Amino acid sequence: MGSLFRSEEVCLAQLFLQSASAYSCVSELGERGLLEFRDLNPKVSAFQRRFVGEVRRCEEMEKTFTFLQQELRDAGRVLGPCPESPRAPLAREALRVQEQSEQLAQELREVSRNRASLRGRLRELRQYLHVLREGQRFTSLPAPLGSPPRPRALSEREPILDPSLHQHLDRKINFVVGVIHPWRVSAFERLLWRACRGYLVASFVEMPEPMEDPATGESITWVIFLISYWGEQIGQKIRKISDCFHCQVYPYPESEASRADTMSGLHSQIQDLSVVLEETEQYLAQVLDKVVLALPTWRVQVQKMKAIYLVLNQCSFDVTEKCLIAEVWCPVRDLTQVQDALRQGSYKSGSSVECFVQRIPTSESPPTLIRTNKFTAGFQSIVDAYGVASYQEVNPAPYAIITFPFIFAIMFGDVGHGLLMFLFALWMVLYENSPSLRQASNEIWLTFFEGRYLILLMGAFSIYTGFIYNECFSKATVIFPSAWSVATMANHSSWSSDYLATHPSLTLDPNVTGVFQGPYPFGIDPIWSLATNHLNFLNSFKMKMSVVLGIVHMGFGIMLGIFNHVHFRQRHRLVLEFLPEMVFLLALFGYLVFLIFYKWIKFSAADSMVAPSILIHFIDMFLFTSNAGNLPLYRGQVPVQTALVVLALASVPVLLLGTPLYLCCRRRARRTGGPALAAVGEQEPLLEGQEAGNSVNATKEDVESGGHSPDAEHLDFAEIFMHQAIHTIEYCLGCVSNTASYLRLWALSLAHAQLSEVLWTMVMRNGFVGLSYVGGVVLVPVFAAFAVLTVAILLVMEGLSAFLHALRLHWVEFQNKFYVGAGYKLCPFAFAPDASE
Amino acid sequence: MVSLLCCGPKMAACGLVLSAWGVVMLVLLGIFFNVHSAVLIEDVPFTEEDFKDGPERIYRLYEQVSYNCFIAAGLYALLGGFSLCQGRLNKRKEYMVR
């Protein structure tokens with residue numbers, strides 16, 4: 001898989017598809033996902049395209065499927081994913097799918113309707129039953145002269161007359177019973193009182209069990225009312241009022257016996273209805289089962305069919321109307337596979353004439369295709385987020401696999417935090433095939449999951465830099481014994497107890513023999529974590545390290561430009577751009593790196609009083625001055641520095657004017673060659689015209705109209721010159737500012753170390769304060785708080801921050817040395833896996 | 001019998017991770033305190049008088065802190081066991097619903 005270095009060669013090709021076998025050929029190509037189809041009918045609207053009828057049919061089927069899915073969801077069933085991926089159906093299969101799905105939808109609709117009406121009927125019957133039962137309580141109890149127990153405290157009415165007495169009276173008492181929504185009770189009562197007071201008594205009681213409201217579907221405790229009244233007109237008024245309030249009124253049988261009859265009748269009716277309802281529900285469940293089985297496959301099939309027809313709409317018909325022509329971007333490596341797919345498609349559709357593919361030349365820039373596997377995909381995506389590589393430009397992703405985690409780790413260096421990050425990423429990597437991890441819907445989690453290899457490497461490198469900085473949860477690890485000996489210093493200085501009492505900080509002088517025994521084998525000496533001038537030492541070290549790493553990274557970026565210049569056959573740029581850029585960078589900043597290393601090697605603690613300052617030397621180098629107090633680093637430093645500055649300054653005009661002048665000269669040379677050739681014969685310009693794209697226009701113009709060209713030349717030259725001037729200024733100023741920008745490596749690593757230390761000192765230390773065994777118990781919540789804050793602040797916040805800054809360093813400081821990133825990706829036509837509902 | 005399940009699956013997982021980290025880190029801290037590591041001097045709650053008459057008193061303080069660390073590690077091991085049980089009960093409940 002060598003294409004990670006630069007994008008693959010992609011060519012423009014034409015597919016000649018037989019009308020009969022076009023569908024199956026495109027289906028084969030879609031299964032393999034190789035080509036990107038170009039739209040040959042961009043000006044045609046969607047309704048005027050050739051296969052609009054088929055697309056419409058697919059959409060109708062999809063509507064039916066949506067209805068079926070809705071029904072499934074209402075019934076609480078879950079649609080499983082499609083087990084195997086079916087191919088796109090042929091015409092008659094599609095017809096069958098359509099018929100079956102519509103039939104199922106029809107059945108489902110009918111059954112649902114039946115069920116709803118059965119349910120409504122059942123509810124009414126049960127309400128009636130309750131009404132009768134409750135009503136009996138009022139009308140069958142003999143009313144004592146005292147007040148009977150009232151069901152509702154608000155109602156001051158009770159049947160003041162016992163109906164069994166009513167035969168003795170002139171007035172006949174009638175009853176209205178029904179059911180009313182609980183919210184309307186008080187309004188109903190008030191209205192009744194206002195309208196018919198004195199002529200009725202009303203009592204309300206709640207139904208023992210809640211029932212479903214037909215309108216909203218939620219279950220409410222209905223209120224049963226029983227109104228006893230006398231007088232026909234009052235009765236009509238009451239009925240009208242209850243109509244207004246949407247009450248369900250039921251006929252109330254007068255005598256005990258008839259009530260009992262009605263109730264038993266109701267019981268049996270309810271029984272029968274329940275049985276019927278159960279059977280209906282069973283049938284519904286059966287239909288739903290059928291749907292669950294068949295729907296996933298159908299959906300995938302219809303999706304594929306629709307995609308194929310949309311692609312076929314993009315093709316154009318040739319003159320004889322028998323052949324479809326499609327223009328595709330195809331990777332050159334896959335041309336044989338495409339031919340194979342076409343052959344299979346033709347064979348499947350049973351046509352005798354084969355479809356074929358033919359490559360055509362083009363002057364357009366093809367799309368970029370870089371094949372990645374699950375490991376490299378993460379790194380390629382962070383490069384693509386800045387800009388997709390231009391066609392066949394060198395790809396920064398393979399280097400980012402190492403440099404990105406490394407630069408992250410410089411800003412994040414801590415063994416403990418790196419280990420936590422590494423273990424988290426390891427868990428994600430080991431369980432990457434588990435469906436619960438893959439199909440989570442949380443977007444933030446998916447982002448972390450996509451970058452699991454990235455985080456794995458970041459964690460691993462952070463453990464490494466953690467050992468270099470010697471920090472583990474802000475504590476130093478003493479793997480090797482420290483090289484500094486306090487005992488020797490104490491003996492040498494003979495520190496007395498009074499001296500120790502009055503001096504809070506003591507100096508270890510490395511010039512005294514035995515105090516400093518040589519550099520620590522790996523990383524920073526652990527004694528520095530106990531020193532008060534810890535930061536003084538570390539700052540100097542980290543700043544120099546950042547500058548060195550920055551210049552190496554940028555130099556590497558410039559070197560990558562060589563591959564671009566060679567590949568695009570612009571060798572003049574090697575001498576006229578790469579060389580001056582490299583000279584500028586190395587003469588100034590490469591020399592700074594050299595000074596840093598030279599001072600580290602040559603000067604030791606013995607010369608610490610007179611050690612020269614690199615900063616002052618660097619400033620003097622540019623200003624051509626000298627400072628008496630600052631000793632030179634080596635003999636002959638001043639002339640060397642002068643020479644380097646002159647060299648660097650000399651490279652600037654080369655960078656500024658080199659390429660434009662070269663291009664200008666080349667064009668002029670061709671022009672002077674042109675008219676001479678034209679005099680020879682007419683054949684020559686044609687031969688001239690067959691060169692690469694640019695020169696075709698130039699020679700044609702020169703031959704046809706001699707007058708135009710000088711102006712055109714000047715315009716071109718102005719544009720090239722402007723472009724080159726911008727590039728030069730950007731590069732030279734950029735060198736300085738980008739080098740300084742790398743100091744963020746120092747800044748963020750300092751911030752991380754300090755945050756880590758603050759967290760330990762302010763949180764964890766409180767856990768060690770208790771000296772009795774209770775301290776052990778106190779340590780438990782203290783550690784929990786420390787852990788939560790470590791994850792939240794140091795891992796998540798600092799991790800994201802370091803990630804961002806490492807990304808910025810790559811995108812801006814590294815990539816602007818060689819990367820253009822103006823391409824577009826190849827999006828092959830493939831049947832995407834079924835997206836979730 | 002009252003259900004023993006009091007945490008959800010995510011809380012049980014968090015508890016397990018925290019306990020594992022706690023056990024490992026506190027055991028290591030305890031060991032380092034026990035060997036009187038100089039890097040941890042700031043964390044030991046000493047007073048001015050502990051510096052008289054040799055390092056013995058400081059060493060006792062170190063050891064006391066290390067015992068506290070071990071106790072906390074033991075408590076975290078219990079917490080880890082509890083989270084593990086909760087996680088298992090959650091899994092069983094998930095299977096039973098089906």
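Tutor: Start with one residue. A:E8 is buried, with a relative accessible area of 7%. Keep in mind that this is a predicted model.

Student: Which residue forms a salt bridge with A:E8?

Tutor: The general idea comes before the case. Side chains of opposite charge can pair when their charged atoms come close. Here the partner is A:R333, and the closest N and O atoms of the pair are 3.6 Å apart. The pair links distant parts of the chain, 325 residues apart. A:R333 sits in the loop between β10 and α7 of chain A, while A:E8 is in the segment before β1.

Student: Is A:R333 buried or exposed?

Tutor: A:R333 counts as exposed, because its relative accessibility is 54% and the cut-off for exposed is over 50%.

Student: Where do A:R452 and A:E432 lie in chain A?

Tutor: Look at the distance first. A:R452 and A:E432 form a salt bridge, with the closest N and O atoms 2.7 Å apart. This pair also links distant parts of the chain, 20 residues apart. A:R452 belongs to helix α13 (residues 452–469), and A:E432 to the loop between α10 (415–430) and α11 (435–438). Both A:R452 and A:E432 are buried.

Student: How should I read a salt bridge inside one helix?

Tutor: Count along the helix. An α-helix has 3.6 residues a turn, so residues three or four places apart point the same way. Now take A:E577 and A:R573, which form a salt bridge with the closest N and O atoms 3.1 Å apart. They are in helix α17 (residues 572–602) of chain A, separated by about one helical turn. A:E577 is buried, at 4% relative accessibility. A:R573 is partly exposed, at 25%.

Student: How many salt bridges does the structure hold over all chains?

Tutor: The total is 30. Some join into a network: A:E28, A:R32, A:R87, A:D340, A:R343 and A:K348 are linked by salt bridges.

Student: Why is helix α1 of chain A described as largely enclosed?

Tutor: Check how many of its residues are buried. In α1 (residues 22–32), nine of the eleven residues are buried, so the rest of the structure largely encloses this helix. Among the buried ones are A:Y23, A:C25, A:E28 and A:L29. A:E28 is also part of the salt-bridge network.

Student: Which elements do the buried residues of α1(A) pack against?

Tutor: They pack against strands β1 (10–18), β2 (36–38) and β10 (323–331), and against helices α6 (256–314) and α7 (335–349). After α1(A) comes A:G33, with a positive phi near 65°.

Student: Where can I find a positive phi in a residue other than glycine?

Tutor: A:Q392 has phi near 65° and is found between α8 (376–386) and α9 (397–412) of chain A. A:Q392 is buried, at 14%. B:H36 has phi near 55° and lies between α1 (9–34) and α2 (56–97) of chain B. B:H36 is partly exposed, at 25%.

Student: How do I read the interface of the two chains?

Tutor: Begin with contacts and area. 24 residues of chain B are in contact with 27 residues of chain A. The area buried between them is about 2200 Å², and carbon and sulfur atoms give 77% of this. On the chain B side, B:W21, B:V39 and B:D43 lose the most area, together 30% of what that side buries.

Student: What does B:D43 form with A:K475?

Tutor: A salt bridge, with the closest N and O atoms 3.5 Å apart. From chain B, α1 and α2 each supply at least two residues to the side that touches chain A. α2(B) gives the most, with ten residues. That side divides into 19 nonpolar, three polar and two charged residues.

Student: Which residues of chain A does UniProt mark as "transmembrane region"?

Tutor: Treat this as a label from a record. An unreviewed UniProt entry places the feature at several spans of chain A, including 406–430 and 640–663. Now compare with the model. Residues 406–430 are 92% helix and 0% strand, with end C-alpha atoms 23 Å apart. Residues 640–663 are 100% helix and 0% strand, with end C-alpha atoms 35 Å apart.

Note on methods:
Residues are numbered from 1 along each chain as its sequence is written. Chains are lettered from A and ligands numbered from 1 in the order in which they are written. This is a predicted model: local features need pLDDT of at least 70, side-chain atom pairs count only at pLDDT 80 or more; totals for chains, interfaces and linings use all residues. Side-chain values use heavy atoms; hydrogens and water are left out. Helices (H or I, at least four residues) and strands (E, at least two) are DSSP runs, numbered from the N terminus. Buried means under 20% relative accessible area, exposed over 50%, partly exposed in between (1.4 Å probe, protein chains only). Contact means heavy atoms within 4.5 Å. Buried area is the accessible area (1.4 Å probe) that two parts lose on being put together, summed over both. A salt bridge is a side-chain nitrogen of Lys or Arg within 4 Å of a carboxyl oxygen of Asp or Glu. Ala, Val, Leu, Ile, Met, Phe, Trp, Tyr, Cys and Pro count as nonpolar, Asp, Glu, Lys and Arg as charged, and the others, Gly among them, as polar. UniProt positions are given in the numbering used here, feature names are shortened, and annotations may be inferred rather than shown by experiment.
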